[in-house]
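Biologist: I'm new to this one. Can you put it on screen and walk me through it?
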Amino acid sequence: MTYEPVIGLEVHVQLKTKSKLFCACSTEFGAEGNAHTCPVCLGWPGSLPVVNEQALKLGIKAGLALNCKVAERLKFDRKNYFYPDLPKAYQISQYDMPVNGRGEVLIETKMPDGKFVEKKIGITRAHLEEDAGKLLHEGIVDGSLVDYNRGGVPLLEIVSEPDIRSAQEAYDYLTALKAILQYVEVSDCDMEKGSLRCDANVSVRPAGQEKFGTKVEIKNLNSFKMVQKAIQYEIERQIAAIEDGEAIVQETRLWNDTKSATFSMRSKEEAHDYRYFPDPDLVAFTLSRELVDGIKKTLPELPLAKARRFIKEFGLSEYDAYTLTEDKKLADYFEGCVKEGVSAKLASNWTLTELLAVLNEKKLSIEASPVPSQKLAGLIRLIEQGTINGKIAKDVLGEMFTSGKTADVIVKEKGLVQVSDTGLIEKAVEKAIAANPNAVAEFKAGKQKALGAIVGAVMKETGGKANPKIVNEILQKKLQN
Amino acid sequence: MEFNIDRVAELARLSLKPEEKIKLEKELGAILAYVQKLSALDTKDIEPTSHVLDLENVYRADEVKASEAAEKALEHAPKADGRFFKVPKIVQKD
Ligand SMILES: [Zn+2]
């Protein structure tokens, strides 16, 4: 029998505010224990929470970017449960009147054949809530330590509809979501710092069946790759269980990355009863049209729209366009090159391959690139004009990184100008043919690859400066005789 | 109004003696019955309220202000370890 996976994701992102959701404590990461706490976020009796205006606005902005219906009226509710990461014994969240209602995200998901297919993932809701504190267990035998610095930090919980059908789609959805949230500058979405967290709900059902199977919640997912691996594992585990006649238990499972498997939390599964009720410390909000429309006007061009424009305007491949637009800074860099008047195809290739390779090697982000887009465009221009060939250009780029000089200056100083003098190249070709009789024989016997050795010899002879197109032409001519 | 005293106690993390259960069940029942009187009213045309004050849209600017609460709180905490509050060992979630 074939089975269809049904997946929904719950994503928590930290909103980029200076202070917490309900108090003036700093949200900065990495402070010493409990340094960012006050009577409100420590839950002292008599303290009063007051909503951070910026957090509310960022929540609305994120909702608009996810095509959500923004609420006209919203309120905050208490979600009650006992756990030491919550000093108040409740979390302030939103229950039945969230800031953002139904929305959707369009993703381009890569099929096994390499083609991209558009898919719509519904958003159920995206609501505001406060983060909990952090418990430290390691190395402590007689208890746990609690740090409330994170407690009260503003989060937006984005709940997707169960519209995702594969682990790859889940990965693509997360990538798209992260790109959107970064474009609109509501969150850093840095999983390492915990500013983006994801839980997955996974079930399987026989293909064609309408009713959903029993779902399992997977937690402890620390990267998008981990989400993908855990979902794939869980799909296979559930199918195997069903085939063996076992029933799927509704439970929470934790992903163990070293063992590459999910494990049941085996905790006493008490039915949760959060007993939500409106927080009497906080008043409701009515959002005016002007406020929401005003925020809508600040939305930039979003990743998918940008990618589609790149394809249409610049003739980029889908793959290049989606890769460039995953990161707004990268997309801006590429467009910066193109604005200098160089070929978009070359600009895309040089940005995505050569530039990123050097940046990754030096562990630099695109915005910290010592070679700005105008300078890369300068290098590309030299290739377009035939002044240098691609191979030399790579060396020049490396030199640009270290010296900060422009490509023009480096090429002039080092005498790297491409040799297009046919007489000179002809001599080098003749010499190479004479020196490589074996390769020549192989080529004549039909082995195209043998040509590489001869071209290599020509390049060596000319210090890598020979125009490869002319070398090829002369070589083909000579060998045909 | 129906309720289960064991469930209520469990949710509130209270362990009750049998005689306490009987007493509290009676008292809680009486309180709920009193509040139940509200359901006799016709609330069809009444806006749901979640707050007694006629206020809305109360917020503050996103500004950071340091507090010295942590020092005091740690000082008065039943247990603390350096800059951290110390709580009884939580059942490990794995
Ligand atoms: Zn605080």
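Predicted model: local features only at pLDDT ≥ 70, side-chain atom pairs only at ≥ 80, totals over all residues.
Modeller: Start with an open sheet in chain A: 3 strands, order 5-4-15, antiparallel pairing. Strands are DSSP runs of E, at least two residues, and helices are runs of H or I, at least four, numbered from the N terminus. Two strands pair if DSSP finds at least two bridges between them.

Biologist: Which are the edge strands?
Modeller: Strand 5 (90-93) and strand 15 (277-278) of chain A, each pairing on one side only.

Biologist: How many bridges join strand 4 and strand 5 of chain A?
Modeller: Strand 4, residues 77-80, pairs with strand 5 over 4 bridges. In one of them, A:Lys79 has A:Gln91 as its partner.

Biologist: What's the secondary structure of chain A overall?
Modeller: 15 helices and 16 strands. The radius of gyration is 29 Å, well over the 23 Å from the globule rule for 481 residues, so chain A is more spread out than a compact globule. That radius is over C-alpha atoms; the rule is 2.2 Å times the number of residues to the power 0.38.

Biologist: What box do the C-alpha atoms fill?
Modeller: Roughly 90 × 55 × 50 Å, along the principal axes.

Note on methods. Residues numbered from 1 in each chain as written. Chains lettered and ligands numbered in written order. Heavy atoms only, no water.
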